[in-house]
Amino acid sequence: MITEPTRIPPRDDRGTQPAPWRRPRVVLWTAAGVATLGFLVALEIVARGYGFSGPITEQSREVIFAPESGPLLYGGLALTMVVLTWRQRLIALGIAAGVDVAFFLVRWALDADMNFGNGALWVVLGVAVLGLTRRTGQERLLLLKGTGLGLLLVAGHKTGDTWLLITSKTRATVLDAYVAAADHALADPSWLVGRFLNATAPVSTGILHVVYGQLPLAAALVGLYQLRRVAVERRFPAHHLVRTFLVIGLFGPAIYMIFPVVGPVFAYGTDGGAWATANLWPDVLPPVTDPQPIPFDGITPRNCMPSLHTAWAVTLFIHSRDGSRAMRWAGTFWLVGTLTATLGFGYHYGADLLAGVVFALTIETAMRCSAHGWDRAGVRVVALGLTVFAAQLASYRWLPTEMAARPWLYGPLLLLVTGAVIYAYVRAARAAREREREPKPGVPRQRPVPEAEASASASAEPTDSAGAAETATTGTGTTGESGATDAKPELV
């Protein structure tokens, strides 16, 4: 008597039924989406109060009007396309290019502002519409995650611009004198590297301008490398570079409001114009006196403390370690080049860079633990990072003259506490990587199939297509026995 096989719900990649764990994740994603939307709305309201548009308005207008950055929008499209098959990617790129050509012709006829990128934004939004109207379940969630990733890249850029405008409007004075005094304990690295670049220009400055300006492109390439198998595995990796990049960009500007600094090239150089205290950078060291807040213009962003370029470069370096040898060398080159550029161009003090390193490692550890689970080592790194970061800001603000007077004490001490955070992070990350490589308890390893058994399977009568597809996807037979839990369906 032939009975219909019992239908078994698909299993996730950890060999468990989806119902017990999917609901908390959906709730978490929903809560994160609501919190992000609320933050963007609040930022929009604050920006409107100061007379300029916020991130929501800026991103919405680019659906029709000329975008500020076409490459940024196509970068967002590239992140969205990691969830698509190769055929779908070619179609998406063709549609984006076609829309951009149509916009170009209309703008040319109307003599309007010319730029490209609208087509990329249209396709990203189209993927969201496709997921909501034509997909269900895990496929819908995957398309919406891809759309959210692409839009967050663009929204993060717009949010950063809005934050910088708010810092220039709300912070009438800057604390550069305090950081410059504290920087004497580190031998004034911005002045030293600035003189070096002046002596080796234009070769060194030309290369470093490219490195400094194309950091987002380098990050996008590493992120796309980490997400290259999303279309095949139909799931995102638990942790990747883009997550940390976005969180650094979200929380970093909030510190600018607490500790507003414009950088030596503005406070002590020609770029500061009439607001600069004197034309000292990089040839003459600023005098060590009792530091006071410096009144500054309402245009220059207060975006130095901590150095987010340093934080992003450190994160890029960390995530490039898992790539090929060429990627590892590129990550090292971008880290060294970014640190040199931030100092040599006068955009940051040495104290900013140390704070940026601690800030990056703390955020990276928190993001990794949120994806793979919190352990004692991760908690220690986050607690140590927060403590050291707060101590750095406090010492720059209230102990700058003491630090300048005793560089033999405070200079090594700053390097020592920063090195302690680096050492703790390396140990915790290494231990976490070893745990991830260990076989999970309760998940059987795939056993080799004997030759005789394989021959018998090949000669067996084929099952119906639905049953075969279900068996391949779930790793179970009709009796519900476990198969190879690490087998993944090839859907492209």
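This is a predicted model: local features need pLDDT of at least 70, side-chain atom pairs count only at pLDDT 80 or more; totals for chains, interfaces and linings use all residues.
On the H10 side the contact involves Ala 219, Val 222, Gly 223 and Gln 226, which meet Leu 241, Val 242 and Phe 245 of H12. By class, this contact has five nonpolar and two polar residues, with no charged residue taking part.

H12 also packs with helix H6 (residues 137-170), and here the axes come within 9 Å and cross at roughly 10 degrees. H6 is therefore roughly parallel to H12. From H6 the contact draws on Leu 149, Leu 152, Leu 153, Trp 163, Leu 164, Ile 166, Thr 167 and Thr 170, while H12 supplies Val 242, Leu 246, Leu 250, Pro 253, Ala 254, Tyr 256 and Met 257. Counted by class, these are 13 nonpolar and two polar residues, and none is charged.

| Helix pair | Angle between axes | Axis distance | Residue classes in contact |
|---|---|---|---|
| H6 and H12 | roughly 10 degrees | within 9 Å | 13 nonpolar, two polar, no charged |

Helix H19 (residues 407-437) has 31 residues and spans 45 Å from its first C-alpha to its last, which is close to the 45 Å expected at 1.5 Å a residue. Its buried residues are Tyr 410, Gly 411, Leu 414, Thr 418, Val 421, Tyr 425, Ala 428, Ala 429 and Ala 432. An α-helix has 3.6 residues a turn, so residues three or four places apart point the same way. The cover over the buried residues of H19 includes helices H14 (308-320), H16 (350-372), H17 (376-398) and H18 (400-405).

Gly 119 is found in helix H5 (residues 118-134) and counts as buried, because its relative accessibility is 0%. Leaving aside residues up to four places away in sequence, Gly 119 touches Ala 96, Val 99 and Asp 100. Gly 119 and Gly 70, although 49 residues apart in sequence, have C-alpha atoms 9.5 Å apart in space.

The peptide bond from Trp 281 to Pro 282 is cis, with omega near 0 degrees, and Pro 282 lies in the loop between helix H13 (264-267) and strand S2 (294-295). Another cis peptide bond joins Met 305 and Pro 306, with omega about 0 degrees, and Pro 306 is placed in the loop between S2 and H14. In the loop between H7 (176-182) and H8 (189-200) lies Ala 187, which has a positive phi of about 70 degrees although it is not a glycine. Asp 188, found in the loop between H7 and H8, likewise has a positive phi, near 50 degrees. Ala 187 is partly exposed, with a relative accessible area of 44%, whereas Asp 188 counts as buried at 5%.

Taken as a whole, the protein chain has 21 helices and two strands, and 42% of its 492 residues count as buried. Among contacts between residues at least 6 apart in sequence, 77% join residues at least 24 apart. The accessible surface comes to about 25900 Å², of which 66% belongs to carbon and sulfur atoms.

Methods:
Residues are numbered from 1 along each chain as its sequence is written. Side-chain values use heavy atoms; hydrogens and water are left out. Helices (H or I, at least four residues) and strands (E, at least two) are DSSP runs, numbered from the N terminus. The expected span of a helix is 1.5 Å times one less than its number of residues. Buried means under 20% relative accessible area, exposed over 50%, partly exposed in between (1.4 Å probe, protein chains only). Contact means heavy atoms within 4.5 Å. Ala, Val, Leu, Ile, Met, Phe, Trp, Tyr, Cys and Pro count as nonpolar, Asp, Glu, Lys and Arg as charged, and the others, Gly among them, as polar. Accessible areas come from the Shrake-Rupley method with a 1.4 Å probe; for residues, only the protein chains shown count as cover. Axes are lines fitted to C-alpha atoms, for helices over the stretch in contact, and angles run from 0 to 180 degrees between N-to-C directions. Angles under 35 degrees count as roughly parallel, over 145 as roughly antiparallel, 65 to 115 as roughly perpendicular and the rest as oblique.
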